[in-house]
Amino acid sequence: MKKKFYGALLLGSLFLAGGMVSCSDYDDDINRLNERVDALEKTVAELQKAIEAGAVITSVDDTENGVKVTLSDGKTFELTNGTDGTPGSVIKIGDNGNWFIDGNDTGKPSRGEKGEQGEQGPAGEQGPAGEDGKDGKYYIPGENGFWIEVDSEGNQTETTMSWIPENTPVAVYDSANGKLLISNIDGVAEGEVLVIETWGELKSLAVIPYVIDKETSMPVVSFYNIVKDGDVLESTDATAHFRLNPNNANIKVWEWSIIDRKVVTRAEGDNVNDLLAISEVSRGDGEMIVSLKSKKSIADLNADEIAIFALNGTNTANGNNIASDYAKVTSEDLTNFAIVNASLGHEYAFTNPYPTEKPAEPAENPKTARLDAQLVYSDPEGIDLKDLVWTWAKDLNAGTSVGVTLEDLNIDGLTYEFSKPEKYLGSDGTTNQQEFVNLDGSIVTVNDYATAAIGRTPIFLVKALVNGTVVATGYIKLEIVKSAPEPDIPDEILTVDCGTINYGDIVDGKVIAELDWTRVNKFYSKYGLTAETFGKLYNDAEITKTEIGVNMVGNAWIKNQTTTAPATITMTDKVAVMGLQEAVRTAEITFKTKEGVDKTKYPNVVVRFTYTIKDTTVFPALNDDYRIDVNGDGVKDNVVKVKGQLEGSKWAMVSGIKEHFTEYLNGYKRSANHYDLYATLVAGQTGAEITPAKTTSGNQVQGKETVMAQEIKLTTELINAYKDYAVNFNVSLANGEDTTYTYTVRFERPYTVKVSDVVLETLLAEASTDELSKKVVIYGPQGEKVYENGVVTADGKNTYKFNQSGYSIEYKDLTGSTEDTWASFGGNLKLDKTTGKISWYNQGTALQKDKLAHSNVVVTIPDVAVIEAEGNIIVKKSK
């Protein structure tokens, strides 16, 4: 936290305001000032402590007496400029990225915006890409109270514009840079600024498993690759969500890269390193959102291989490194494309793609020929061929009537090139149709032939390119007409906003929202209809857009049942939630006009329901009795420590999952539509397991809780002092999805080993010896000696059954020290690795100094730990 307020300035303001004062008045004023400074320091300290504990600022609001800061943990902090304070002012970043003052857009951007992409050159040989536009200038609030202008190169210039209003408490929440700046409040001198850092230091991150692979239990990131001749030209964007620890961690000082590899299931394999690329990193609600691109096909993976990736970060400030857990990568290569008529819409565009061969000459009679669009001869603006093209990905939705286009997939780098063949003979076999039109880029207009052009059918070649490589071609045929036919009237859209729906509140068959009859009657009036004529002109309602778990009814219009809502939407608990919680989704029913009805007068009627579904699961709190302070900063982390316990006659590195949570999960209540609770290891970790695993595909019984019987257990010995495992606490949803909370279980070695000094004399008549076995001391979980002087102690036998643990002690090669190399002992310092006996007997020369070597032992306690320890060997000089 940075604070800029000083008692001297406060005292100065007293003299300026009051002139001469008596001693008693002066003392009273000083006391009041001290009280105000103390109160501010206490408030700020509490606010900072909450932020350091991971709380995130959720809102900054003006109040009657100043400003109020609200945190994600529910705490609020009010900062005022006196008991009867002045209403405050709040400056923050709006949804459009501009700075807003008290809700009013200043027009000042808070971050640089990308300029327009350079224009593509005309058709021909592939040339260099156009230059990107320069980033625009933007503004940040300076800590001295003035706006700072930042140009496209990052250069900062202080302006003369102050963001501090006169005599008004003001707070600037700079969410883009993690700062809260406050001025004109109690305890801060006039014109000074209090700066509070709102971001913490990133300690760890974990993949949020919105979609889980059933085979590996890993989170999944999926792509479609656009492939030509084996090369990936481009891919769809995929987003990976990472939970930050703490939630308010600063991610701006980190540089991110991808660790990816190809692995045989459950075993490491060759590094791939070029599978994915990061296109954007952003944050929201305690998450880091990483947009990814696929760079390589994985179609050649063997049946027992999978592709996985992790996110790797380097802190540019201190060089620290951090890595996430692994997630699985899946992709589908798209190789088969065609260009279709976009003007027909998704319903009809895919039935007859543009031909890839030039139409036969002479041209077919226009009355029977395929004609793709009409061009009015007198229209000076002509027709834009770009409005007539989509690129159909034929590998998707194969065998269905509705296709998927590269435009639907938002493929970057998709462009079109248009050209006019030099000659195309009309149906008379003589007239070149191409002479009647001009092509400028993608715009076609009729040339000077005017009315002579009517009835002509020129053709145009279109190429679809992805990052400069042609993926599909087609020929478009236009008909030049005198006037355009009157178009069909656009669909009448009646939108019903269902708002945000809590997944736990969904009841099968319960109406979520309905269309009001008032809007239906307004529609009737607009088109001169009655309920009776509507039934004659329109078909029954047809569900034209929906998803699993969403149903709509709208037949009451036709049947004139005014006692029933004209259209309703209901949901079941099978509707999808995870990964879509921020999305505005739509479902539609359509009343289409009957065959033969004049579509230029009567539109199709679409009832569009819009909704957002959120899961508001509140996860159980970690048990404060067992959480530990990892960093020694006085703040407990989301980490529990496990040293294990005695099971029968052996020590087991095991812990019950329910013990990690408050009151052992007793009293934890879930919302409706939430079922089994169970824990899993975050994918990609080895050396531990959680048992029993969830054994059914849903456990669709409220209150059936796998987690109550689950334990986490080491399956291999600890090599280091501790090892952390990321654990997912999962709540199963009725739709088969899981919502997940991730925390850390730290397994710590319950035993420690020390090796006492071995002291050897330099003797002339015989070797000096000692028993290394008697120098090894093993300490138990609570510091008791369980092994000493070559035997298991009483505590070791009676309390920990250490004599039955299967322990072993291995004596490793002796080594030299920084003071004395191993070669300096001349091979005269020896170890019997079987008995642990060490001996020193040199070759008769009087040793003039004490020498130092090291003993090395390895203590193995099966299923618990492998502990290396080093001791000193002191060889005394000759007497």
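In what order do the three strands of the open sheet lie? The order is E43-E46-E45, with antiparallel pairing, in this predicted model.

**Figure 1. Open sheet of strands E43, E46 and E45.** Strand E43 (654-656) and strand E45 (688-691) are the edge strands, and each pairs on one side only. From one strand to the next, the twist averages 15°. Strands of a sheet pair through backbone hydrogen bonds, in either a parallel or an antiparallel sense.

**Figure 2. Pairing of strand E43 with strand E46.** The two strands run antiparallel and are joined by three bridges, with E46 covering residues 711-714. Serine 655 has isoleucine 712 of E46 as its bridge partner.

**Figure 3. Hairpin of strands E6 and E7.** Strand E6 (residues 98-101) is paired with strand E7 (residues 104-109) in the antiparallel sense, over three bridges.

Figure 4. Helix H3 (345-348) gives two or more residues to the lining, as do strand E35 (542-545), strand E38 (585-591) and strand E39 (605-614). By residue class, the lining of the second largest pocket comprises 13 nonpolar, eight polar and 12 charged residues.

Conventions:
Residues are numbered from 1 along each chain as its sequence is written. This is a predicted model: local features need pLDDT of at least 70, side-chain atom pairs count only at pLDDT 80 or more; totals for chains, interfaces and linings use all residues. Side-chain values use heavy atoms; hydrogens and water are left out. Two strands pair if DSSP finds at least two bridges between them. Helices (H or I, at least four residues) and strands (E, at least two) are DSSP runs, numbered from the N terminus. Axes are lines fitted to C-alpha atoms, for helices over the stretch in contact, and angles run from 0 to 180 degrees between N-to-C directions. Ala, Val, Leu, Ile, Met, Phe, Trp, Tyr, Cys and Pro count as nonpolar, Asp, Glu, Lys and Arg as charged, and the others, Gly among them, as polar.
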